[in-house]
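Please read it alongside the structure shown below.

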Amino acid sequence: MGAAGLGVLLAAAGLLAAVFISLGTWQVQRLSWKLDLIERVGQRVRAAPVEAPAGPVTAAADEYRHVVLHGRFLHTQETLVQAVTEQGPGWWLLTPLQQADGRSVLVNRGFVTTGSKALAARPDGEVALTGLLRLTEPRGGFLRHNDPAAGRWFSRDVAAIAAARGIPNAAPYFVDADAGSDAWPVGGLTVVSFHNNHLVYALTWFGLAAMVAGAAWMLRPGGRWSRENPLSPASASAVPHDAPHG
């Protein structure tokens, strides 16, 4: 390889190493953000419940916030959403809770199985409950789309459920109810978990940068892999002085 070709190769290696370092640095920043998110959400889950918000909500400020609700359940407008939990397959039982000001909040009262749907408690009158505020799930389930006309639900799409059930003034979120004293539905099954592979990704990118930099170092003029590298004394002594030449 000529000097010009080697120069291009070393420049490309330097650029590639810089890209890998940038990606690794970005993953370190993502790791810091994810750890902060996990800590903030953990504080919300453990905090004393506060009144549920009346207006718009955001993931950054409200998701998994521990809230308290007061109102009356509208059991005739309940909805079953397919679910798989630690207790097996079944449904989330979602029921609108109508509050005194006329607003309704869709409450995920908990998990029911095929045999326990009819056994689920359906309290009348004014109730108070606590739970975790959750953001709507408008994209359906994995490889499955909600079918409101057929009553098949695979995600907790608040707007679509409210429209299909005729729920007025529905809040733009739902609430996962805390565990209650009734056998069915089973509340308190919210899984608060975040994928956090950023450290692994960062180490991978930094490792690739180190490999590229090491290869470039070996290919540099005078490096071990360079054609300009002279024979070592040990290699030179292994060649007989009286060896025939052609």
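Val-28 is found in helix 1, which spans residues 3–46. The model is predicted, and the points below are grouped by topic.

**Surface patch**
- Val-28 has a relative accessible area of 42%, and it therefore counts as partly exposed, a class that lies between the 20% and 50% limits.
- Together with Ile-21 and Phe-206, Val-28 forms a nonpolar patch on the surface.
- The accessible area of Ile-21, Val-28 and Phe-206 together is about 230 Å².

**Nonpolar cores**
- The largest nonpolar core has 15 residues, of which Leu-69, Leu-97, Val-107 and Tyr-173 touch the most other members.
- At least two residues of this core come from each of strand 2 (66–73), strand 5, strand 6 and strand 7 (170–177).
- Strand 7 supplies 4 residues, the most to this core.
- Another core, of 14 residues, lies apart from it and includes Trp-92, Leu-106, Ile-161 and Phe-174.
- Leaving aside residues up to four places away in sequence, Leu-97 touches residues including Leu-69, His-70, Gly-71, Arg-72 and Phe-73.
- Also among the contacts of Leu-97 are Arg-103, Ser-104, Val-105, Val-107, Val-127 and Leu-129.

**Loop position Gly-115**
- Gly-115 lies in the loop between strand 5 (104–112) and strand 6 (126–135).
- The relative accessibility of Gly-115 is 59%, so Gly-115 counts as exposed, the cut-off being over 50%.
- Gly-90 is 25 residues from Gly-115 in sequence, and the C-alpha to C-alpha distance between them is 9.4 Å.

Notes
Residues numbered from 1 in each chain as written. Predicted model: local features only at pLDDT ≥ 70, side-chain atom pairs only at ≥ 80, totals over all residues. Heavy atoms only, no water. Buried < 20%, exposed > 50% of the residue type's maximum accessible area, 1.4 Å probe, protein only. Patch = residues over 30% accessible without salt bridge, like charges linked within 9 Å, V, L, I, M, F, W, Y side chains within 5 Å. Areas by Shrake-Rupley, 256 points an atom, 1.4 Å probe, with all protein chains shown as cover. Salt bridge = Lys/Arg side-chain N within 4 Å of Asp/Glu carboxyl O. Core = buried A, V, L, I, M, F, W, Y, C linked by side-chain atoms within 4.5 Å. Contact = heavy atoms within 4.5 Å.
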